[in-house]
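Subject: Structure handover and notes

Dear colleague,

Please find the structure below, with the sequence. My notes follow it, arranged by topic.

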Amino acid sequence: MPQILVPIIVPAIAGGLCLLIPRRVKGVREVITLAGLVWAFVAALQLFGQWPLSFTRDWVVFGDLSVQFDLLLSHFSAFIIVFVVLFGLVVALYSMSWLSKEHDGRRYYTLLLWTVAASVGAVLSNNLLLLLIFWEALTAILFFYVNMGRKKAEAAEGAAKSFIMLGLSDAALFLAVALIWVRFGTLSMDQLSIFVGDGATIAIYVLMMVGAITKAGAMPFHTWIPAAAKGAPTPVMALLPASIDKLLGIYLLARISLDIFNIGPAMQLLLMIIGAVTIIGAVLMALIQHDLKVLLSYHAISQVGYMVLGIGTGVPIGIAGGLFHMLNHAIYKSCLFLTAGSIEKQAGTTEISKLGGLARAMPITFAACAVAAFAISGVPPFNGFVSKWMVYSGLVELGARGMSTYWIFLVAALFGSALTLASFVKVLYSGFLGQRPSNLANVREAPWPMTVPMIVLAALCVLFGVWAKFPIDTFINPIVHGSVVTGASGALDVSVGFWDPGVATGLIILGILVGLAVFGVGRLTTRRTGHIFIGGHKPPESLDAMHVTGTGFYNTIRETKGLKGMFANAEQGIFDVYEMGGRLGNVLVQSLRSAHNGVLSTYLTWAVIGLGAMVFALLSVLLKQLVGGR
Amino acid sequence: MASTLGLVLNFLIFPGLLFTAVVGLLTQWVDRKVSARVQWRVGPPWFQPFADILKLLGKEIIIPEGARRTGFLLAPLAGLAAVGVVSTMLWLVNIHGSGFVGDLIGVLYLLTIPSLGMIIGASASGNPLASVGASREMKLVLAYELPFVIAIFTAVTKVAPMTLRLEGILEYQAANGVLLGNLSCIIAFVVAILCAQAKLTYPPFDIPEAETELMDGTHMEYSGAALAVVKLSQAMMLFTLPIFFITIFWGGVVLTGWGILYTIVKYVIIVTIIVLIKNTNPRVRIDQAVRFFWGPVTVLAIIGMVLAIVGL
């Protein structure tokens, strides 16, 4: 078997095996899953650096139309598959403890393995039709996956919504692929180079972009992610919408925007607007959520904005920032979903108002959550800061090139970052800090298969932040320089004037040590525990009354003039394409409904009228031809 | 290696933690003295802030029950370290013309860490009043961050070529005169001063601390050395923010000849404005503050930005 096929075929076969093992047999499934994924991961690591590597077979031949099974390992795809398999592996390990008896483990692991296989296939395929097939497979898998949630009604609703929205976006992608075939006669991605100028190419580009950003979850096609979050098993959220879907969606967006199409300033501006609106809109929604999973899912949308914005700048450092943010986001967001899953498993709920004070009971979960939360908020020295910094630099460079509106995007991005921080302060406060409600008194730390993945991902957040040069030089720079033609001028030199995270981190740590020394001078040893101070009153025996939930943390923001109406509209689904489409459809259906009164004679009348109309139309065409023929 | 050692010394002694702390405490004395004079009191002697810190260091630390000990004690230290780093960055850029990370966005982000540290620390204390203070502090950060960012980037827009490097901004000012000479940057400067008031949680924006309703809110449960650290980082902020504004808008710090005097005058003017606003305004509610910053102040900041783009 050629090595390039290993990361696709091994998980696919392992998935099939999992499905064959009877439900009652325990343990074997997990071993097969882990073994398959480890094998695929090693293969992906070995493939890294071997580009360009291709694999081509004739697949389907209909006369002149031959579809080729055409895989190509480029720098970009090699980097993506390493992380796709890594996330699969991490989530699989986590799921070993997370899954309870109520879940169907057989279906779960099969779907997980097939997700990895299909994602790797989509990334490696060099043929648009092949990509489309893998892409559709993922949509179908996601449907079954979300449906596995324990809360049946929400899970079914979320699954249906994601399936319909992703299905429609896949249809847009399909249409674009068909148009490319008709117009350019090839579907090989490395042979296509389309200049976006006339109406048709704009349409093709926009259709493909819709396909890509719906997968990634940018506005206005974002609403499937919160809907899925309500019902789906939490590790599934960590696997698909948080990490793999981001990698795939942004991979496709980057491929089409930088490589296959040569997009002009107008399309770049469109991307930047989508990015900026996504950042602000989604994070404002996240601010007022009261369920941890839904809150995280809105951040999964908001962060896509930075990636789209970065790619939209068309400036090398901005593009590199967007791509690096894609990687960083996948890391910290799946870490956050895993911590949410761990809270759900151990405390029994993700409802923010019912949580509190879990830091002492779950120190590892808390530490991982705090690191990932600071990373997503872009607090230095974590990885989110570096990639956001690169996006900002790209925007400033646009400004230096004379784009006078650059600051609107920059302020949106920076302010979005502050809002993200606010939202995660709420998460940290209401989940882990504050008083612990007495019904959570017996909560324990999650078992090691759950904590290890969280630790690994949190460690990556720190590593990629403090030694940002390594991932940027290894993964990102060659993409921007190398196989993908950026069409942007100017060399990417991030080392000049580059924020040096290592030094700053060292100094911050040094500062904290100095502070500890100050504590030492002050008599830290003589510290004692006392009652909390509530204006001189003696606190009650049970501290439950002292538990302030984080739910209302930002009610002031919610009530602010101007935002109040917006939030009300958003909660009614005014900004939801799915809801609005549904309502529009409903209006159409309702108006047609009155025609269906169930009386046979009415139907017959309609049928006769229809027949008459058809005959009339046919006759008029015939007559026209007869007249024309003469 | 020598440069690493030099940097560590820079960070620890001059112009980092020690220097910033000393000047910050002296500035706090100025603040207290001026406030006293405004209220027809005599005011404390110059060493009073130092004496306060020393006294706090000698007191025991009381940790409230139900608090998350590590978070409660470590969070203020992160704030202290962040201010120290910012101060070192700003001074090195001003003195040597190059810092280890002469970067504007780094400064902007690091300047929010003290607030963040206070929020985490207050949340960890488990006190309901402190958590109300934490919530208010976060909302205040959200409120001022929007106009603050616009104001700072007004200066960036005026600089040609546009850059995020602090050195670049200083070089431009050295060659073309201070940015404060432009109408747009005067507006941005006013906006920045208003935001600084909130960043320092000084009246009228001392909402998270609100002595009369929340009994020092976010600082409520802190005592002993931990409280000393909290107070110290506030004092350091009071010193660092004016230096930041001088660097961005007002030609930077010059430590040669008459430049020393000029720098001190600039610094004293900014501090005096802040202290006067502090003494002449009563506290507003948090919703009023949010509306104030997102409404008129942001509009003002946008006007400044638009003026900068058209070239004023």
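A search of the whole structure, which is a predicted model, finds zero disulfides over all chains. A disulfide is a covalent bond between the sulfur atoms of two cysteines. A:C369 is buried, at 3% relative accessible area. A:C461 is also buried, with a value of 0%.

Helix packing in chain A

A:C461 also belongs to a helix contact. Helix α13 (residues 363-376) of chain A packs with helix α16 (residues 448-466) of chain A at an angle of about 30°, and their axes are 9 Å apart. The crossing of α13(A) and α16(A) is left-handed. On the α13(A) side the contact uses A:I364, A:T365, A:A368, A:V371 and A:A375, and on the α16(A) side A:T451, A:M454, A:I455, A:A458, A:C461 and A:V462. Sorted by class, the residues of this contact between α13(A) and α16(A) are nine nonpolar and two polar, with no charged residues.

A second pair in chain A is helix α11 (residues 292-313) with helix α15 (residues 406-432), whose axes come within 11 Å and cross at roughly 160°. Because of that angle, α11(A) is roughly antiparallel to α15(A). The crossing of α11(A) and α15(A) is left-handed. From α11(A), the contact takes in A:L292, A:L295, A:L296, A:H299, A:Q303, A:Y306 and A:L309; from α15(A), A:F409, A:A413, A:G416, A:S417, A:T420, A:S423, A:F424, A:K426 and A:V427. The contact of α11(A) with α15(A) has nine nonpolar, six polar and one charged residues.

Helix packing in chain B

In chain B, the axes of helix α7 (residues 128-158) and helix α9 (residues 183-199) come within 9 Å and cross at roughly 150°. The two helices, α7(B) and α9(B), are therefore roughly antiparallel to each other. α7(B) passes α9(B) in a left-handed crossing. The α7(B) residues that meet α9(B) are B:L140, B:Y144, B:E145, B:P147, B:F148, B:A151, B:T154, B:A155 and B:K158, and their counterparts in α9(B) are B:S184, B:C185, B:A188, B:V191, B:A192, B:C195, B:A198 and B:K199. The residues in this contact of α7(B) with α9(B) divide into twelve nonpolar, two polar and three charged.

B:R136 is in helix α7 of chain B as well. At 15% relative accessibility B:R136 is buried. Apart from neighbours within four places in sequence, B:R136 is in contact with B:I207, B:P208, B:A210, B:E213, B:L214 and B:I286.

Backbone features to check

Most residues other than glycine have a negative phi, and most peptide bonds are trans. The residues below depart from one or the other pattern.

- A:M219 and A:P220 are joined by a cis peptide bond, with omega about 0°. A:P220 lies in the loop between α7 (199-216) and α8 (224-231) of chain A.
- B:P203 and B:P204 are also joined by a cis peptide bond, with omega about 5°. B:P204 is in the loop between α9 and α10 (211-214) of chain B.
- B:T201 has a positive phi, near 45°. B:T201 lies in the loop between α9 and α10 of chain B, and is buried at 5% relative accessible area.
- B:W40 has a positive phi, near 60°. B:W40 is found in the loop between α2 (17-38) and α3 (48-58) of chain B, and counts as exposed at 78% relative accessibility.

One distance in chain A

A:G199 is in helix α7 of chain A and is exposed, with a relative accessible area of 54%. Between A:G199 and A:A370 there are 171 residues of sequence separation and 48 Å in space, C-alpha to C-alpha.

Regards

Notes. Residues are numbered from 1 along each chain as its sequence is written. Chains are lettered from A and ligands numbered from 1 in the order in which they are written. This is a predicted model: local features need pLDDT of at least 70, side-chain atom pairs count only at pLDDT 80 or more; totals for chains, interfaces and linings use all residues. Side-chain values use heavy atoms; hydrogens and water are left out. A disulfide is a pair of cysteine sulfur atoms within 2.5 Å. Buried means under 20% relative accessible area, exposed over 50%, partly exposed in between (1.4 Å probe, protein chains only). Axes are lines fitted to C-alpha atoms, for helices over the stretch in contact, and angles run from 0 to 180 degrees between N-to-C directions. Helices (H or I, at least four residues) and strands (E, at least two) are DSSP runs, numbered from the N terminus. Angles under 35 degrees count as roughly parallel, over 145 as roughly antiparallel, 65 to 115 as roughly perpendicular and the rest as oblique. A crossing is left-handed if the near helix is turned anticlockwise from the far one by less than a right angle, and right-handed if clockwise. Contact means heavy atoms within 4.5 Å. Ala, Val, Leu, Ile, Met, Phe, Trp, Tyr, Cys and Pro count as nonpolar, Asp, Glu, Lys and Arg as charged, and the others, Gly among them, as polar.
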